[in-house]
Amino acid sequence: MITPPPGVQVYLACGYTDMRKGMATLAMLVQQTLGHDPFAGAVYAFRGRRGGLIKVLWHDGVGMCLFIKRLERGQFVWPMSASGTVALTAGQLSTLLEGCEWRALARNLRPELAG
């Protein structure tokens with residue numbers, strides 16, 4: 001899989017997106033609806049109503065990239081927040097693209113008591 005560089009900002013567009021939209025229309029959606037600059041190097045992910053298809057938009061400094069992934073079974077886990085976007089780490093994006101639960105909290109394996 002092609003991965004974004006370390007430290008890149010990743011945003012999920014909450015709610016549903018019309019999956020017929022292409023690269024230019026999704027970039028306009030980022031700019032007008034989410035209020036972000038689609039050419040700043042951040043990664044934006046969109047999910048359709050059925051949940052089995054995801055589109056990822058990213059400007060790599062040279063040009064705009066549009067990645068599409070479809071799950072054969074199941075759905076992508078997606079937030080339905082009213083805030084518009086949810087920020088993720090690059091690791092959470094990788095977990096999401098694998099079709100796994102990305103919202104799981106990291107386990108704290110540090111002991112509470114010594115003894």
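How many bridges join S3 to S4? In this predicted model, seven bridges join the two strands, which run antiparallel.

The protein contains two helices and five strands. Along the sequence these elements follow the pattern β-α-β-β-β-β-α. Of the 115 residues, 38% count as buried. Among the contacts with a separation of 6 or more, 58% are made by residues 24 or more positions apart. The protein exposes about 7,500 Å², and carbon and sulfur atoms supply 53% of this area.

With S4, S3 forms a hairpin that has four residues between the strands. Gly61 lies in the turn of this hairpin and has a positive phi of about 100 degrees. Two of the residue pairings between these strands can be named: His59 has Met64 of S4 as its bridge partner, and Val56 has Phe67 of S4. S3 also pairs with S2 in the antiparallel sense, over five bridges. Here Leu57 of S3 is the bridge partner of Tyr44. S2 and S3 likewise form a hairpin, with five residues between them. In the turn of the S2-S3 hairpin, Gly51 has a positive phi of about 90 degrees. Six of the seven residues of S3 are buried, so this strand is largely enclosed by the rest of the structure.

Helix H1 (23-32) has the buried residues Leu26, Ala27 and Val30. Viewed down the axis of H1, these residues fall within an arc of 100 degrees, so they line one face of the helix. An α-helix has 3.6 residues a turn, so residues three or four places apart point the same way. The buried residues of H1 pack against S2, S3 and S4. The face turned away from the buried side of H1 carries the exposed residues Ala24 and Gln32.

Gly99 follows H2 and has a positive phi, near 85 degrees.

Which residues touch the most other members of the largest nonpolar core? In this core of 15 residues they are Val43, Ile54, Trp78 and Leu96. A second, separate core has 12 residues, including Tyr11, Ala27, Leu34 and Met64. Trp78, of the largest core, touches Leu12, Ala13, Cys14, Gly15, Ala45, Phe46, Arg47, Ile54 and Leu96, when residues up to four places away in sequence are not counted.

Leu34, a member of the second core, lies in the loop between H1 and S2. Apart from neighbours within four places in sequence, Leu34 is in contact with Ala13, Leu29, Tyr44, Gly84 and Thr85. Leu34 and Ala13 are 21 residues apart along the chain, and their C-alpha atoms are separated by 7.9 Å.

The structure holds one aromatic pair. It is formed by Tyr11 and Tyr44, whose rings are stacked, with 5.5 Å centre to centre and 20 degrees between the planes. The pair links distant parts of the chain, with Tyr11 in strand S1 and Tyr44 in strand S2, 33 residues apart. Tyr11 is buried, with a relative accessible area of 14%. Tyr44 is also buried, and its relative accessible area is 3%.

Key. Residues are numbered from 1 along each chain as its sequence is written. This is a predicted model: local features need pLDDT of at least 70, side-chain atom pairs count only at pLDDT 80 or more; totals for chains, interfaces and linings use all residues. Side-chain values use heavy atoms; hydrogens and water are left out. A nonpolar core is a set of buried Ala, Val, Leu, Ile, Met, Phe, Trp, Tyr and Cys residues joined through side-chain atoms within 4.5 Å. Buried means under 20% relative accessible area, exposed over 50%, partly exposed in between (1.4 Å probe, protein chains only). Contact means heavy atoms within 4.5 Å. Two strands pair if DSSP finds at least two bridges between them. Accessible areas come from the Shrake-Rupley method with a 1.4 Å probe; for residues, only the protein chains shown count as cover. Rings of Phe, Tyr and Trp (its six-membered ring) pair if their centres lie within 6.5 Å; planes under 30 degrees apart count as stacked, over 60 as edge-to-face and the rest as tilted. The arc is that of the directions from the helix axis to the C-beta atoms.
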